[in-house]
Amino acid sequence: MKTAHDLVSAAKEKITEVSLAQAEDACRKADIVIDVREPAEYAAGHIAGALSVPRGVLEFKVNDLPAIKGADTNILVYCKTSGRAALAAQSLEVLGYKQVVSIAGGFEAWIEAGKPTVRPHDGVDFG
């Protein structure tokens, strides 16, 4: 029987992860940045400009997002440590999106590197 870790490991073999050093540039180049963490995690802080679309509903909502213009939309996904983002990236690729990347190490690595974050209720930059 497989574990969630097994699924994440298999997904990471198939997707593209950008290093933390490349992450800010990847965010700027993305047509859309999607935070697949839960709403409370997003509310506690997220990458500026990221949209909250929890992993559990991503496949159902992605096509309705205004920034999604088709298979060639440049999509960046992230989560807390990169597991959910890897699964999300793999799902988006199965749906037919061709330019999907996730951030290696996720939001925790982003914070540890001192990169800027915001909270939706106040828009304050914590970087």
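The charges come first: the protein carries 14 positive and 17 negative side chains, and the centres of the two sets are 2 Å apart. Lys and Arg count as positive and Asp and Glu as negative, with His and the chain ends not counted; the charge is placed at NZ of Lys, CZ of Arg, CG of Asp or CD of Glu.

This is a predicted model, so local features need pLDDT of at least 70 and side-chain atom pairs count only at pLDDT 80 or more, while totals for chains, interfaces and linings use all residues. Residues are numbered from 1 along each chain as its sequence is written, and side-chain values use heavy atoms, with hydrogens and water left out.

Next, the fold. There are 6 helices and 5 strands, in the order α-β-α-β-α-β-α-β-α-β-α along the sequence. These are DSSP runs, numbered from the N terminus: helices are H or I with at least four residues, strands E with at least two.

Of the 127 residues, 42% are buried, buried being under 20% relative accessible area with a 1.4 Å probe, protein chains only.

Now strand E2, residues 32–35. E2 pairs in the parallel sense with strand E4, residues 74–78, over 4 bridges; pairing requires at least two bridges found by DSSP. Strand E3, residues 51–52, also runs parallel to E2, joined by 2 bridges. Ile34 has a bridge partner in each: Val77 in E4 and Leu51 in E3.

Key
Buried < 20%, exposed > 50% of the residue type's maximum accessible area, 1.4 Å probe, protein only.
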